[in-house]
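Trainee: I would like a close look at one part of this model. Please take me through it step by step.
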Amino acid sequence: MFYHQEITSYETHTRVIVGTNCIEQLPEEIKTYGGKKILVVSDPNVSKTGFYANCLRYIEEGKFPCAEWKEAEEEAPLRNVEAVCEIIKKQNVNLIVAIGGGSVMDICKLAGVLAANGGKGPDWAGYERYSVPPVTLFTIPTTAGTSSEVTNMAVLHDEERNVKFTVGHRILGAASVTFLDGNSIASCPRGLIACCGIDALSHSFESYIALKANPVTEALSLSGVRLISRNLRAVYGNSGNRQAALDLITGSAMGGLAFNNTGCGNMHCIGRHVGPQFHVNHGMSIAIVMPSVAKFNFPSQMEKYRSLAEAMDLDTHGARLADIGKIVVDGLRKLIGDVGITMKMSDLNPSREDLEKIAQDSYKQYQKFYYYRNPVKMTFKDYMMILEDCCK
């Protein structure tokens with residue numbers, strides 16, 4: 001592959017423990033990180049599962065004082081962050097164990113920042129804004145989606161302003177340890193497996209074609225595409241398939257380890273505005289825009305799309321390079337449909353004003369962040385073109 005002349009780098013600050021029933025190592029890791037009072041954070045559904053009970057059992061076997069908070073809501077609202085922060089301060093918690101999806105993990109990330117640095121969530125919006133290390137965090141993902149378990153950022157929902165914002169720190173923003181356990185998604189609902197899986201695929205896909213990609217991130221993201229493409233259908237059909245589940249959740253983490261360095265592109269630039277505008281979850285937002293964005297970006301990364309097609313097990317035999325884009329886009333549409341996602345942008349009945357608002361918000365985000373990530377130079381009209389294509 002061809003790279004920019006500028007220097008790139010790769011780093012991660014999370015210890016990644018992988019394997020079915022790897023959560024049995026929880027007591028050892030808590031001891032290593034000096035855990036004295038543990039707070040386990042989850043949501044009402046995950047906290048009822050046998051997997052969650054096993055996590056608690058291992059913590060209790062280590063004789064660590066432990067509190068629980070099981071009320072996390074979707075899309076990581078700020079009120080949840082404030083509730084967790086209050087518990088941390090009142091009970092002198094020095095280690096958080098987040099068991100759940102991206103919302104649970106992001107709530108814990110920001111709560112740990114606030115407990116250590118004070119202030120309100122929006123005070124720390126952006127990157128490198130705080131300097132005091134947050135409360136130590138362990139993550140145990142129960143979805144294969146956001147990759148928050150290995151990234152150095154959290155995405156929160158400010159419901160008063162109806163916007164999402166990011167809090168990140170290159171060194172201090174990541175969980176100390178994550179556990180990728182093949183048992184973790186056995187109780188995950190099929191619809192959630194689908195939406196989260198497509199989100200995970202988008203991370204690897206976008207990282208691979210990102211302007212800041214380098215040989216290390218490319219290896220991770222291409223492996224992520226391969227593992228997710230080959231296992232998402234199987235896990236959607238049977239979440240008890242332990243090997244497929246472990247491969248899927250590992251592929252999801254690989255995407256996070258890649259895009260944590262490269263950033264994502266227009267799938268996320270647009271998707272983060274589609275969700276709040278129409279009140280659909282993040283994974284669904286990504287699924288709605290993914291094929292149209294992939295089609296738009298193809299001319300800028302034609303050679304890489306051939307590698308993506310191979311990783312997705314798509315038949316490119318005898319195909320001209322110029323035709324690879326359609327093969328990949330059709331492959332994405334088929335995978336999205338095969339896991340039961342049928343919603344289109346047109347189903348949301350967007351007005352012209354809705355599309356213009358999303359395009360304008362996306363273009364503003366592009367000018368701030370995505371101009372050095374997305375492989376195509378964008379204009380407001382380009383965003384309108386993509387959104388109009390999503391409506392077809």
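Trainee: At roughly what angle do the axes of helix α6 and helix α10 cross?

Mentor: Keep in mind that this is a predicted model. The axes of helix α6 (residues 215–237) and helix α10 (residues 302–311) cross at roughly 40°. They come within 8 Å. From α6, the contact is made by Glu218, Leu222, Val225, Arg226, Ser229 and Arg230. From α10, Lys304, Ser307, Leu308 and Ala311 take part.

Now move to another helix, α9, which spans residues 282–297 and holds Pro291. Pro291 has a relative accessible area of 8%, so this residue counts as buried; the cut-off is under 20%. Pro291 touches Val329, Arg333 and Ile336, leaving aside residues up to four places away in sequence. Take Arg333: along the chain, 42 residues separate Arg333 from Pro291, yet their C-alpha atoms are 6.4 Å apart.

Finish with Asp106, in helix α4 (residues 102–117). Asp106 is buried and has no salt bridge. The nearest side chain of opposite charge is Lys109, at 4.4 Å; a salt bridge needs the charged atoms within 4 Å. The Asp106 side chain does reach the backbone nitrogen of Val155, at 3.1 Å. Val155 is also on the contact list of Asp106, with Ala76, Ser148, Met153, Ala154 and Leu156; residues up to four places away in sequence are not counted there.

Methods: Residues numbered from 1 in each chain as written. Predicted model: local features only at pLDDT ≥ 70, side-chain atom pairs only at ≥ 80, totals over all residues. Heavy atoms only, no water. Helix = DSSP H or I, 4+ residues; strand = E, 2+ residues; numbered from the N terminus. Buried < 20%, exposed > 50% of the residue type's maximum accessible area, 1.4 Å probe, protein only. Lys, Arg positive; Asp, Glu negative; His and termini not counted. Polar contact = N/O pair within 3.5 Å; in protein donor to acceptor, adjacent residues only side chain to side chain. Contact = heavy atoms within 4.5 Å. Axes fitted to C-alpha atoms, helices over the stretch in contact; angles between N-to-C directions.
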